[in-house]
Amino acid sequence: MSIGPPLPGRAHEIAAAVRAGRLRAVVVVEQTLAAIAAHGARLNCFSATLAEQAMGQARAIDDAVAAGRDPGPLAGVPIAVKNLFDVAGHTTIAGSKLLRGQPAASADATVIRRLREAGAIVIGALHMDEFAYGFTTENSHYGAVRNPHDNNAIAGGSSGGSGSAVGAGLVPIALGSDTNGSVRVPAALCGTWGLKPSFGRLSRQGCYPFVDSLDHVGSLADSVTDLALSYDAMQGPDPLDPACAQRLPDPVSSLLDQPADALVRGLRIAVATGYFRDNAEDDAWQAVVHAAALLGATREVTLAHAAQARAAAFVMTAAEGGALHWPALQVRGDEFEPLSRDRLLAGVFMPPEWPQRAQAFRTWFKHEVEQVFNDVDVILAPATPRTATPIGASAMTVRGQQMMPRAHMGMLTQPISFIGLPVVLAPYRPQGAMPLGVQIIAPAWREDACFRVARALELLSADFRPHPALRPSLGQDANH
Amino acid sequence: MTGPHSKTAQTDAANNANTADAAFDAEALLAHALHQRQWQLPEPWREGVLANLHRVHGMIAELDALPVQAGGLGKP
């Protein structure tokens with residue numbers, strides 16, 4: 001398939017070339033828009049492109065370079081954002097039909113403003129599950145987002161457009177949100193790196209909410225370096241999000257330029273068994289086994305009550321999501337995605353004692369897992385029970401059990417986001433196979449440990465490097 | 001008095017809130033919740049909402065065996 005000029009490469013390569021004056025940002029934007037025009041409709045990942053705004057920003061960056069000013073570490077890098085982030089001048093629809101008629105956002109979300117300040121260019125908005133409730137991005141209003149590695153398969157969700165766009169190579173970085181696994185699931189199924197930071201690390205201001213107790217902002221990228229650049233640009237306290245911690249940024253980019261053995265020296269790395277082993281197909285589990293072998297990790301840990309953590313996250317999600325949408329459900333319920341509507345209404349009608357019990361368990365489980373981290377620094381676990389299912393499949397088989405992809409593809413991510421731990425999602429894709437992922441989990445505020453292990457895996461094996469569907473050569477070399 | 005607003009139905013709903021056994025009655029819980037909110041559920045949605053109440057109940061029941069301070073009921 002021909003797409004005209006070659007697609008720009010990784011974010012850090014683009015930024016280096018733009019800052020040095022070797023590449024003009026307007027050319028990057030033109031090429032990216034051309035690639036989206038050629039492939040975006042087939043993948044159904046973009047809900048909107050912002051050509052005029054992006055070209056204006058690109059011209060400003062080129063002018064800055066010409067004037068001798070540094071436009072920032074992401075200079076000229078095209079990024080795309082899940083359509084629940086406010087982008088000034090663009091209506092935030094959060095995957096819904098309900099919000100289509102709302103006025104355009106008057107300002108950028110905090111994280112988008114920070115990315116623009118670092119030189120990134122917002123090229124478009126991306127499809128998602130309605131109101132972020134789902135793991136498949138089979139949206140009845142806008143159609144299913146397609147997996148770039150098998151167009152008949154789901155991209156995962158709820159940030160499915162983000163996974164598809166980065167997995168295809170249309171953009172090197174995309175923003176997503178992760179309440180129960182909505183960055184990690186599409187990153188795993190589409191073969192990209194993904195970040196769900198500690199709860200409270202990144203501002204959610206200007207991000208359409210879902211479950212206030214569990215919502216996180218994160219990013220997907222086609223290299224660890226790019227993931228780190230996006231993370232570093234977004235960090236910092238924000239009084240406009242009460243849940244955002246008053247912590248100074250902890251940059252990680254500067255940690256990553258080391259050999260693999262130096263990156264993981266001193267880190268006690270273990271594999272999570274029990275629930276995570278019991279609910280993963282063999283290939284999903286092998287991803288973890290392979291990562292552990294590369295890292296020399298022989299230790300195993302069990303997160304007792306992980307199944308209950310997943311169950312409690314499920315209850316809290318329904319209850320808080322239902323409460324959020326109850327006013328609209330009463331008068332415009334027929335405009336909701338039917339499967340989401342039924343789940344949200346069940347959340348409204350459940351006895352109040354149920355989410356209270358789930359909250360009590362959350363406190364208890366968090367303390368239990370903190371004890372595990374007295375003995376280890378990083379835990380590896382599978383990200384999804386299996387590879388992407390066919391679009392339209394109402395059931396999938398996991399260890400002989402039938403379950404619904406829409407609700408269960410995130411069953412291995414939910415126990416972790418439930419207690420707000422940071423996770424970097426490592427993509428795993430042996431030659432000829434569909435992508436899977438490994439969760440690299442650390443104690444709260446230790447994203448640095450996640451990134452160290454992630455970069456080591458990227459250096460150690462081509463199986464842990466993305467192979468963007470439209471730029472497969474990118475996966476061959478990690479030394480960028 | 002019978003029907004969803006009867007004393008019996010409300011007691012059933014209250015029991016549903018505090019226990020998680022096989023006797024869970026999603027119909028009674030739904031009737032009680034709708035009465036509390038003075039809202040009528042469109043009939044075509046009923047089956048899906050009941051199915052989801054059963055699913056959520058199944059989830060909360062997983063906590064039953066935990067100690068009370070851990071969100072459970074302290075039941076073995």
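Q: How many residue pairs are in polar contact between chain B and chain A?

A: A polar contact pairs N or O atoms within 3.5 Å. In this predicted model, the count between chain B and chain A is three residue pairs, with both residues of each at pLDDT 80 or more.

Q: How many salt bridges does the rule find across the interface of chain B and chain A, and which residues form a salt bridge?

A: The rule finds one salt bridge across this interface, and Asp64(B) is joined in a salt bridge to Arg357(A), with the closest N and O atoms 2.8 Å apart.

Q: What area is buried between chain B and chain A?

A: About 2,800 Å² is buried, and carbon and sulfur atoms give 72% of that area; the contact draws 30 residues from chain B and 31 residues from chain A.

Q: Which residues lie nearest the centre of the largest pocket, and which element gives the largest share of its lining?

A: The largest pocket, with about 320 Å³ of space, is lined by 17 residues, of which Leu339(A), Ser394(A), Met404(A), Arg406(A) and Arg55(B) lie nearest the centre. Two or more lining residues come from each of helix H12 (338-349) and helix H14 (405-408) of chain A and H3 of chain B, and H3(B) provides the largest share, four residues. The lining divides into six nonpolar, five polar and six charged residues.

Definitions and conventions. Residues are numbered from 1 along each chain as its sequence is written. Chains are lettered from A and ligands numbered from 1 in the order in which they are written. This is a predicted model: local features need pLDDT of at least 70, side-chain atom pairs count only at pLDDT 80 or more; totals for chains, interfaces and linings use all residues. Side-chain values use heavy atoms; hydrogens and water are left out. Contact means heavy atoms within 4.5 Å. Buried area is the accessible area (1.4 Å probe) that two parts lose on being put together, summed over both. A salt bridge is a side-chain nitrogen of Lys or Arg within 4 Å of a carboxyl oxygen of Asp or Glu. A polar contact is a pair of N or O atoms within 3.5 Å; within protein, one must be able to donate a hydrogen and the other to accept it, and residues adjacent in sequence count only if both atoms are side-chain atoms. On a 1 Å grid over the protein atoms alone, a cavity is a set of points where a 1.4 Å probe fits but cannot get out, and a pocket is an open set with protein on both sides within 12 Å along at least five of seven lines; lining residues have an atom within 4 Å of a point. Grid points are joined across faces, edges and corners, and a volume is the space filled by probe spheres set on the points. Ala, Val, Leu, Ile, Met, Phe, Trp, Tyr, Cys and Pro count as nonpolar, Asp, Glu, Lys and Arg as charged, and the others, Gly among them, as polar.
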